[in-house]
Protein chains: 4
Amino acid sequence: MKFAVVGLGYWGPNLVRNFQAHPQITSVIACDEREQRLEFARSRFPGISTCNSIDALIQDPDLKAVAIATPVNTHYDLAKKILEAGKHVWVEKPFTASSNHARHLIEIAKQNNRVIFVDHTFLYTGAVRKIKEVLDKGELGDVLYFDSVRINLGLFQHDVNVMWDLAPHDLSIMSYLVGKKPYAVSANGIANFNGMENVAHLSVYFEGNCFAHFHVNWTSPVKIRRMIMGGTKKMMVFDDMENFDKVKIYDTGVAINTEEGVHQALVEYRTGDMYSPKVNQTEALSLATSEFVNAIIEGRKPLTDGDNGLYVIRILEAAEESIKNKGQLVLLS
Amino acid sequence: MKFAVVGLGYWGPNLVRNFQAHPQITSVIACDEREQRLEFARSRFPGISTCNSIDALIQDPDLKAVAIATPVNTHYDLAKKILEAGKHVWVEKPFTASSNHARHLIEIAKQNNRVIFVDHTFLYTGAVRKIKEVLDKGELGDVLYFDSVRINLGLFQHDVNVMWDLAPHDLSIMSYLVGKKPYAVSANGIANFNGMENVAHLSVYFEGNCFAHFHVNWTSPVKIRRMIMGGTKKMMVFDDMENFDKVKIYDTGVAINTEEGVHQALVEYRTGDMYSPKVNQTEALSLATSEFVNAIIEGRKPLTDGDNGLYVIRILEAAEESIKNKGQLVLLS
Amino acid sequence: MKFAVVGLGYWGPNLVRNFQAHPQITSVIACDEREQRLEFARSRFPGISTCNSIDALIQDPDLKAVAIATPVNTHYDLAKKILEAGKHVWVEKPFTASSNHARHLIEIAKQNNRVIFVDHTFLYTGAVRKIKEVLDKGELGDVLYFDSVRINLGLFQHDVNVMWDLAPHDLSIMSYLVGKKPYAVSANGIANFNGMENVAHLSVYFEGNCFAHFHVNWTSPVKIRRMIMGGTKKMMVFDDMENFDKVKIYDTGVAINTEEGVHQALVEYRTGDMYSPKVNQTEALSLATSEFVNAIIEGRKPLTDGDNGLYVIRILEAAEESIKNKGQLVLLS
Amino acid sequence: MKFAVVGLGYWGPNLVRNFQAHPQITSVIACDEREQRLEFARSRFPGISTCNSIDALIQDPDLKAVAIATPVNTHYDLAKKILEAGKHVWVEKPFTASSNHARHLIEIAKQNNRVIFVDHTFLYTGAVRKIKEVLDKGELGDVLYFDSVRINLGLFQHDVNVMWDLAPHDLSIMSYLVGKKPYAVSANGIANFNGMENVAHLSVYFEGNCFAHFHVNWTSPVKIRRMIMGGTKKMMVFDDMENFDKVKIYDTGVAINTEEGVHQALVEYRTGDMYSPKVNQTEALSLATSEFVNAIIEGRKPLTDGDNGLYVIRILEAAEESIKNKGQLVLLS
């Protein structure tokens, strides 16, 4: 199978490397308008072909799939062209700049019977897959809350705020782990510098008395990457800055004793052992590539399909509206 | 000077101990309706007097001041009686259950020329005083944002939610460190158990493009006590769970380069050394006691006076309204 | 039962407090030559009796037991007097200043049928008892090595070096956890200041190819309290500076595959889950007190008896000789 | 300049990559007896030449320098051939298997006027260079002790024990930072598996009352990389497992107050601020390559020359003798 990667900025070369390493991808084409990036790709990846125009690229009848690693505002147009040319498409996160765009792409893919893969890479990490496994066994019980922090001193994007840049990682993880339906969003934050929010707090309300919160910040002196999930049976902490023991499961619980009637209801605590399961170290992008390839071969939707991409975009879009109105609740369309 | 402590629950005995240790407080009376708590006080604090009624207590013409360490819904009535009896009053946090109550007490104290001391103990810790010192020297520049996390597995209160229980600490620290005027609040959270929120996120908007956020949680498997302040010059992290090096000042900055005009505005990063100033280890409650005693002697307001207590209550009250409406912005009255 | 505590310095008052709290100890006498320390004891511990001479003390026929919390060079004389007067004796660590002294005391106690309790408090902590439990279940397999670090900026003792001051804690823990016979010691270190070693490294060789090492330092800028045990099946880390999760059991192993014959012998690695068992929070000194009281009542040896004290002193004595000879191996007598 | 790398195992490819990236190295030859490793090199490093024999290699008159990244027992023969062929030589650590070998190579290089570079990479890290800078400014005062821990679950080497494998890193850092002359060594440890020590403790005695200790372990469940240096003025901690703030300087001191005469000498403590200097992030191997190239061009010795390599080997050799005799002091020849 012949694959192409469009956009050779920061992330594109990682896609080229993983595509080249996959046994079922026989050749890879790198595409960028900047000749200097093509030169870099040729020296870095022996055996690669290059081209400087998407239009030429998609006329290649042997080309099976194209990955888009360009700025988010170009995703829709590029993905549309690729799908309409009958190729499968891999889109970097965030999927699109609007939920309408996301819906159109899903529709086009359906009509053309093609696969959309949204690169929510974190869902392919050993840590997140292990947490999913623990959850599916019912160890945590019912999810009560989901809390995520992703802050550090990061590069400002000029086209999007910190929510669009960092929160897609965490929202996609939430979509995978919290099996409940979100219905509304409230967001707060501040734009201290160039009109783009550099600090944001995003609250998500779920049906069934569940709640999630996301804290993202481009201007923090310290780097924190931590998620906490509270369940009715146990609780989980995922600290991605730990070199070892990233995932910890606490035999900690809070339970309401309702025997005595509502007014005497007693909240009971329990703390017990903690354990940290071993986590698979395979590179997430390698597993993501396999999932894309297999979805194409098997004619099925991948784990991170267009609907999963849309889920994240709907929340970001609502959060954008809410943050402009300082926390006003926005229902998810 | 003769002082009394009303309420010998969890915190009251700490007040008794510190009052007894102060050189200018010559005798201490412990007051509680529960005979068993009075017995405990007599055995634990040799030389103490006890009584079981506030009414008898305040008729003592030698009594100079009374500390209230009872549940928050009793603060107003007790403090009113004490002030009207011409005694100075120390009130545990949170000051009162409503801002109207707080305003009435401030008025009564003014009419009777008596001191109100609100026990925002954290303002007397070595760590917070050191941060204040650093800020006053202008090291951080203008404050951009203030972020606080206080989460752990804590005991549910039956009368208040997690915001009223935990956030007063952090709001009082914010009032001390951020020299700007808050004007609105948005709060989100969830009540997973008994109708009282066990997780809450509170955003505060300030005049002058500054923002603060508070995360409190009674049902977290891990204990975190951390504040981050971003400034135009440097940034600060206060981690109260560290045994050493609790306060760290980062020579880290984000600056907007506006020379090129708004559209080409460039965000510039800088990271440099970090330092951790030595922090005084004196028990905060001992310094708080001295501040109360000195305010009485000098006929002045203490650092944590009624207005400081009111500042915190106004925000909590607005946050309570906001959290019931899922993040709706509530202007501070 | 009537108990006494001799020596009201840093540690003695903790003994008084725990003895007073024990249900079977009906009265406690505090003994010190310094009137000011007796005054302190009377004000701090209502109901206590005091005296200023050990000789008067031990003539009291009702007195059951005496705890010695004085400098180590006085332990032998005091304990001898107490045992010969027919009282049971509790001795602070280190037991004695020499192994001969330790042996004499054990002999005297035997002749008088009295209990010697050496206060190796750590053996009564929840963490060490939990590790013992894990070991006894065979989870770690055979112990390969034991490694202990106890360093911080500590007060110099004027009469002993850092080994005699800090290592007794760790040596007593080793004696409890490593069920093998030590036969030789090698020690290295440096005396940077007053002729007393402030840094020391102590190696212990055991029969059965097992090894232990102890690092103690009074002049470290950071505080570390950590033990690591490697076993043939699993490994254990005990970090006493952690607020939570002090004990961690790693499903990590190294095994030699001997099937292929010695020359092709393959070392195989295994890493798996980690777990951290819940640890009992009861104050160690309270459990130590109970063990002493019960040993007296039941006429049996306590867990930390004279032999356990002697075990530690023999190693310290050999280490002292070795460190003066820069690591020379000293066989245990 | 034309360079070659002999040995394409774990480390060799890193040398190839850095040599290729250096502006003054125009071509790189990779040499290995295993055709499969040469193939790997050709696909990974476009433009590289390969050869499978050192003898053919050194006959190339244009070849300027050769790097040896083969097992330690081959270093002497290979380096000898290379130097005698008039090429400069880069040798991976440890320099040689014996101090005699090291001395011969130094002599041969001198006679042929060629450069020996020993790859003590750590001396080119930003962290170690920053510590050196701090030391050279006299901030720490006189060095009292140096303590190093390098433990983890590592691969057993079949030809050397854990000391020869891991301690060269730390011994080379010590040689760079502690400006005193070591005169004797005492080492202890255990070989739990295949006759090679997997745990070792190495003590080094210096002239001028200074002491160093090295703890290395291949069979630890946790990974620790930490150095502590105590000085008469300040103290330093270098924690290489920290993602940020790897180097910390503590304004902590211990001083002997000798005014009162030796017998009343008082040890005084001081703790103050801590600071963590910003550390340069340039890859150490890139700076090492530049140092090698510059030493060749300028006809001078590099920072990590043969003498620096010999320093480390002399200590390892003495430690080997000592550990076989369980801590016996071995004077450095």
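Begin by selecting strand E7 of chain A, which gives the most residues to the lining of the largest cavity, namely four. The model is a predicted one, in which local features require pLDDT of at least 70, side-chain atom pairs count only at pLDDT 80 or more, and totals for chains, interfaces and linings use all residues. Residues are numbered from 1 along each chain as its sequence is written, chains are lettered from A and ligands numbered from 1 in the order in which they are written, and side-chain values use heavy atoms, with hydrogens and water left out.

**First stop: the cavities**

Eight cavities of 30 Å³ or more are present in the structure. A cavity is a set of points on a 1 Å grid over the protein atoms alone where a 1.4 Å probe fits but cannot get out, and its lining residues have an atom within 4 Å of a point. Points are joined across faces, edges and corners, and the volume is the space filled by probe spheres set on them.

The largest cavity has a volume of about 180 Å³. Select A:Val149, A:His215, B:Val149, B:His215 and B:Arg226, which lie nearest its centre among the 19 lining residues. The elements that give two or more residues to this lining are strands E7 (143-153), E10 (210-217) and E11 (219-231) of chain A, together with E7 (143-153), E10 (210-217) and E11 (219-231) of chain B. Helices (H or I, at least four residues) and strands (E, at least two) are DSSP runs numbered from the N terminus. By class, the lining of the largest cavity holds eight nonpolar, seven polar and four charged residues. Here Ala, Val, Leu, Ile, Met, Phe, Trp, Tyr, Cys and Pro count as nonpolar, Asp, Glu, Lys and Arg as charged, and the others, Gly among them, as polar.

Two or more residues each come from strands E7 (143-153) and E11 (219-231) of chain C and from E7 (143-153) and E11 (219-231) of chain D. The lining of this second largest cavity comprises eight nonpolar, two polar and four charged residues.

**Second stop: the paired chains**

Colour chains A and B separately. The same surface serves both copies, as 100% of the contact residues of chain A recur in chain B, contact meaning heavy atoms within 4.5 Å.

Now show chains C and D. Chain C is laid on chain D by a turn of 180 degrees and a shift of 0.0 Å along the axis, with an RMSD of 0.0 Å. The two copies are thus related as by a two-fold rotation axis. Again the same surface is used by both: 100% of the contact residues of chain C recur in chain D.

Display chain D as a cartoon. Its open sheet of six strands runs in the order E3-E2-E1-E4-E5-E6, with parallel pairing; strands pair if DSSP finds at least two bridges between them. Strands E3 (49-51) and E6 (116-119) of chain D stand at the edges with a single partner strand each, so one side of each has no neighbour in the sheet. From one strand to the next, the twist averages 20 degrees.

Select residues 2-6 and 63-68 of chain D: these are strands E1 and E4, which pair in the parallel sense over five bridges. Within this pair, D:Val5 stands opposite D:Ala67 in E4 of chain D. Helix H1 (residues 12-21) of chain D packs on the sheet, touching E1, E2 (27-31), E4, E5 (88-92) and E6 of that chain, and its direction makes about 170 degrees with that of E1 of chain D. Axes are lines fitted to C-alpha atoms, for helices over the stretch in contact, and angles run from 0 to 180 degrees between N-to-C directions.

**Last stop: backbone details**

Most residues other than glycine have a negative phi, and most peptide bonds are trans. In chain A, the peptide bond from A:Lys93 to A:Pro94 is cis, with omega near -5 degrees. A:Pro94 is in the loop between strand E5 (88-92) and helix H5 (99-112) of chain A. Finish at C:Asp245, a residue other than glycine with a positive phi, near 50 degrees. C:Asp245 is found in the loop between strands E12 (235-239) and E13 (247-250) of chain C.

Notes. Least-squares fit on C-alpha atoms with pLDDT ≥ 70 in both. 1 Å grid on protein atoms, 1.4 Å probe; cavity = no way out; pocket = protein on both sides within 12 Å on 5 of 7 lines; lining within 4 Å.
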